[in-house]
Every structure is written in structure tokens, then in C-alpha cells.
Amino acid sequence: MPRFTVHIRDEWLAIPCRDPTKTIHWLGLEALRRYIKNKPDNGGITTLKDVRFVVRRCQGQGLLDGEDTIEDALEDNDFLELGNSICIMTYYSCLIKGVSICPSFQNICMDGNSLTSTDLVNLGRGLYKIKRTTDVWLSLSVVVYGITTGFGKFARTVIPVGKLKELQENLVRSHSAGVGNPLSPERTRMLLALRINVLAKGYSGISLETLHAMIQAFNASCLSFVPEKGTVGASGDLAPLSHLALGLMGEGRMWSPNSGWADAKYVLEAHGLKPIVLRPKEGLALINGTQMITSLGAEAVERAQAIARQADIVAALTLEVLKGSTKAFDSEIHALRPHPGQIEVAFRFRSLLESDHHPSEIAESHRFCDRVQDAYTMRCCPQVHGIVNDTINFVKNIINTEINSATDNPMVFAERGETISGGNFHGEYPAKALDYLAIGVHELASISERRIERLCNPSLSELPAFLVNEGGLNSGFMIAHCTAASLVSENKVLCHPSSVDSLSTSAATEDHVSMGGWAARKALRVIEHVEQVLAIELLAACQGIEFLRPLRTTTPLEKVYDLVRSVVRPWIKDRFMSPDIEAVHRLLLDQKVWHVAKPYIDKYETQLSSPGSRPISPTSFSLEPPLSPRKRVRHE
């Protein structure tokens, strides 16, 4: 029975065909049906009836006629891709109308001085192509470490001129000793882009031809097999960068959107590219630096920033459901302890919760309640979330500096005519920063899990147990809370700093290392857990809203509720919950919660800064006596 491999977005689907007389269009529809089958939101496709697409061969990008039969147009095991009928070719090739928007490529010019973590993440996503930049320089007139000598323990061994090319090739091959799963295409693109940026500074002794070949490979998305494990973070990220270079040499395995995984030489050849031929110093220039730590760190800091600002929105919604007070966010309180992050978080809460601009029927319903003050998990959000914001800003500054730093060895100073050995390859800066990032961001999950407990516990929330009717018959959010607790507990172990460890390597010539590779990888795991815990809290808070209807919260928080309900329906009775968590996690990853709330935050700020405006304080408490005889006690 013929079988075909069809590429849709970021998925490769094996499609068997029992009847080869069926059409190419049928094959495309069958691939789409299988694609959306396992997607919580159906991959964004509401109906297959209106989807328009084209089918192309991966090899050569030949367009197929949808009316042709499979037996006439294809051969067994052909690789195909589905694409937008308007867009001819993009990274990841198959962007279906209704699934995603076809991006237009922009060129980014790398000079080694101005790349940011945001740019690097966008490069990883395939939104940019790279333009060629700086010329470089190399002199072979002196004995220089790694250029005319061996490496590490063999640094005093001078290599004959006739074997300098072999020296560089041997270096890359022998250092390609990593283990574990390969980096994702996005992360490999980031790694390659960052190495190009560092080489473009002109201090690495690499030829313009080699740099140009790397740029061509990046723009064609020809990506080497790079195992995620094996770096100790000094001398740089030798193992992963060696694997990166090995593929560019036409050895090992390589991936592209058109070929999938295959031998590197064939992948390069299929894209009209030639393997790089290493010159003196070039092997070392390609593999010595902190780009693995830093590229993963760039993703970590960008995701951390995204989830931190959305955590404020999620917490504000929870506070509404739990009928909390807004007094704790008064601007004058935070002016007395003016940490930037704390002030920013308190401002966001004020912009989202009840105010003169955003009335809330839920807040009005408990205006004169007798609760004295809220639990720390609500009242202290500015203080707890605030330090996370300040931590992220601190780490982002270090990562952005590292992104534009020359971190290999030796350094080539063309104007002075010298090459000098130093220690810029040591990964302690990003390693320490990413350990700190993990510790800081984890607190968002820690405090979120406690808010989930309050939402699920009827003695604390005045809501049905585990946020479901007919408790006992239905378990509701009982185990979702357990999942959040397990992730928080896992984070406690992952937050142990890896950079406090060091093991001597290379026969004691490299006798102190940073362990920054693990610092970066576990920081990403911590952040993913934080995202998932907050996804559970957001689900729980929206479910809590159901029990407060017909009362409505503020306009911005109602918009957040509507967003969640666009992908997850209310919890009427028990059902399969994991897809709901995944769908809301995706909203957070795509920053849709932030994008929904941000216009209201910006408008609030504009209104505060407009001429003649007065400070807008929370309106949780009226100065007029209550209409009912119930005793009034202010929240504090």
C-alpha cells in the first residue's frame, strides 16, 4: 500500500493510501483531517469545506494538480507539503489559510553589535533572513593556539602547515560528542544565527566565504543535528557548536523543511549549497563560544517576560472571582517602596480591576463585606510578581550583552596584527543569570498554585468545591490543582543553581567550568511549568466566573474571559481536561491574553497622564453609608 509523508505547519504526517486512483486533492484533505484530529482547537480550522490549499513536492517545490490521481502523479514514499494557495514558499512551507498567517520575510543585517533577544527568537521562528555583513582577517605568521597548535592539553604541540586543514576538521569531528535529543529547528536556527552574529564582529579569524556559506545555510533552513546535552559551558559550548559545524561541513545529519532529516551532504546539495571547507582557525572559530547557553537563554528570557506580564492579568481575574480588595494596589502604598517591578505590577492591577473607568458588578456585590484583608497570594502580588519583573530585566540585559559579545578564543585583532588568547568563552555570566532567572520566575507558579487552591477550596472561595456542580459525581478541578502542585514541586528541584558546580576537564587545562548549558535548559523547563500552572489558574478563574453570573467583572477582564471561552467551553460536568490546559497554555505562549488586555492598560495610562486628570484610586469602598444595616468594615 503506497504511503506518503505530508508536511503541515510543524507536523510531518504519514498518510497511507489504499486506493491510488484517488486524487491529489483527496490526499491533501486527508492530511488536513489527520492534522486537526489531535489539535485541541482543531488547528484553528473550523471546517475543511472552505480550506484552500496547494500541494507541492518537497523536492524541487513542483506544484501538483489537485485533480490528478495519486498513481499518475506520485511515487511511493514521496514527500509533500501543503501550502496556502496564495503564498508560494515560507519557512515550514505549509501555512494553511485559517491555520496561520503567511509571514513576509524581512532581512536582518548582523554586525555583531545590535542583535537583541527578541530578534534572535524571531530568527528562530523563521521571520527573518540574514544579510551578509563584515569582512574578516587572518594571519598565519605566528604560532597561535588552535590555529597552528593543538587544543587543550595539546596546546604546546605545533602543527605542520600542510596539516592545518586536517587539524581544523579533526577538531570539529572529535568534539562532536554530544548526546540526547536534537535541538528543535527553531532553537537550532537561533544557535546558527547567533554564531553568525558573533563571527560578524570580525574578531574570530574566519573567512568571508565561510561566513557567507553559513548565512546561505541559515536562509535555506538547512539545520544540523545538534544534541542538547554535552556542554559544560567552558571552553564555550564546544560539543553543540561542533555538531552545528559538522553539518555545515556536509557530515552527520541535517534537517530542512523540504527534506526532513537526511545526510547533511544531500540536504545541502538539494538546496544548491556546498559543504564549507575549513581554513586555518575556522574550526575553532565555529565551535568556541557561549552561543548554546545564550541562544537558549534568549528564548528563556523572552518567554519569561511574556508569562510574567500575563501572570498579572490572571491573578487580577482570580482576585475578582475570590471577591478580593483593590486597596492593596493603591499607588501611594507602592510609592513608599519604589521598586520598579512592584510599581509596574500594582499599576497593571489598578488598570484591570474596578475603577472609575472600569466598573465591576462583582466588586460592587461585596463592597460592604466584613472581610478585613485578603490573603498574601492576592494582596502581595505587586511585591511577589514585581521582583520577577526586575529579575527578568536584569537577566535580559546580561543576555543581550552576551548576544553581541565575541566569546571565542583566541581573539584576532586585525588592526594590531595580533591574536591573543583569553577567557571570553567562559559561560559564567549567562549561567549565573539563567540560574537566577529560574529562581525568580518560579515564584509566579508558586503563588499561582496557592491561588488555585483558594479557588478550589469552598471554605476559602465561597464557590462549589473544585469548581463543579454535583461534586462527588464530578471531580472538577481536583486533579488539575494536583498537576499544578506537582509542577511547582518539580520546579523547586530545577531551581537548584547548576552554576555552583564545576568539574575540571581537558586534563585540568580547563579546570573551572560554568555548567551553563544545563542552567539554560532547566530555566526553559521551569518557565514552561510556570506557563502551565498559570494556564490552570486561568481556567479555574474563568470557571469561577460561571458561578458568579449574571454579575460581570470589568471590561478588560471580561475580554480575557471571552478569549478563554473561545477555545475552552465551561465545565458543566467532568470531561477530558488535558486538552483544555493545553489550549489555554497555547493562548499564553502566543501572548493572546496580553494582547487582549494591553489596550485597556495603555488607555488607563493615557487617561492618567492626560492634562487635568486626577489620580484614579480603586473604588472598592464608598464614602457613603451602606444602604443595608449590615456593619461595614473596610478591607486593608
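Biologist: Which residues is H585 in contact with, leaving aside its neighbours within four places in sequence?
Modeller: H585 is in contact with E528, E531, Q532 and A535. Contact means heavy atoms within 4.5 Å.

Biologist: What kind of model is this?
Modeller: This is a predicted model, where local features need pLDDT of at least 70, side-chain atom pairs count only at pLDDT 80 or more, and totals for chains, interfaces and linings use all residues. Residues are numbered from 1 along each chain as its sequence is written, and side-chain values use heavy atoms, with hydrogens and water left out.

Biologist: Back to H585. Where is H585 found?
Modeller: H585 is in helix 21, residues 578-589. Helices (H or I, at least four residues) and strands (E, at least two) are DSSP runs, numbered from the N terminus.

Biologist: Is H585 buried or exposed?
Modeller: H585 is buried, because its relative accessible area is 10%. Buried means under 20% relative accessible area, exposed means over 50%, and partly exposed is in between (1.4 Å probe, protein chains only).

Biologist: There's another histidine I was looking at, H358. Where does H358 lie?
Modeller: H358 sits in the loop between helix 12 (340-352) and helix 13 (361-365). H358 is buried too, at 8% relative accessible area.

Biologist: What is H358 in contact with?
Modeller: Leaving aside neighbours within four places in sequence, H358 is in contact with S351, L353, T554, T555, P556 and Y600. T555 and P556 are in helix 20, and Y600 is in helix 22.

Biologist: How do helix 20 and helix 22 cross?
Modeller: Helix 20 covers residues 555-565 and helix 22 covers residues 592-609. Their axes come within 9 Å and cross at roughly 160°. Axes are lines fitted to C-alpha atoms, for helices over the stretch in contact, and angles run from 0 to 180 degrees between N-to-C directions.

Biologist: So what do we call that arrangement?
Modeller: Helix 20 and helix 22 are therefore roughly antiparallel to each other. Angles under 35 degrees count as roughly parallel, over 145 as roughly antiparallel, 65 to 115 as roughly perpendicular and the rest as oblique.

Biologist: Which residues meet there?
Modeller: From helix 20, T555, P556, K559, V560 and L563. They meet K592, V593, V596, A597 and Y600 in helix 22. By class, this contact has seven nonpolar, one polar and two charged residues. Ala, Val, Leu, Ile, Met, Phe, Trp, Tyr, Cys and Pro count as nonpolar, Asp, Glu, Lys and Arg as charged, and the others, Gly among them, as polar.

Biologist: New topic. Which peptide bonds are cis?
Modeller: The bond from N409 to P410 is cis, with omega near -5°. P410 is in the loop between helix 15 (381-403) and strand 13 (411-413). The bond from R549 to P550 is also cis, with omega near 15°. P550 is in the loop between helix 19 (516-546) and helix 20.

Biologist: Why point those out?
Modeller: Most residues other than glycine have a negative phi, and most peptide bonds are trans.

Biologist: What about phi, then? Start with E462.
Modeller: E462 has a positive phi, near 60°, and is not a glycine. E462 is in the loop between helix 17 (458-461) and helix 18 (478-494). E462 counts as exposed, because its relative accessibility is 64%.

Biologist: And F466?
Modeller: F466 has a positive phi of about 60° although it is not a glycine. F466 is found in the loop between helix 17 and helix 18. F466 is partly exposed, at 29% relative accessible area.

Biologist: How about V198 and A406?
Modeller: V198 and A406 are 208 residues apart in sequence, yet 5.6 Å apart in space, C-alpha to C-alpha. V198 is in helix 5, residues 185-199. V198 is buried, at 1% relative accessible area.

Biologist: Last one. How many helices and strands are in the chain?
Modeller: There are 22 helices and 14 strands. Buried residues make up 53% of the 636 residues.
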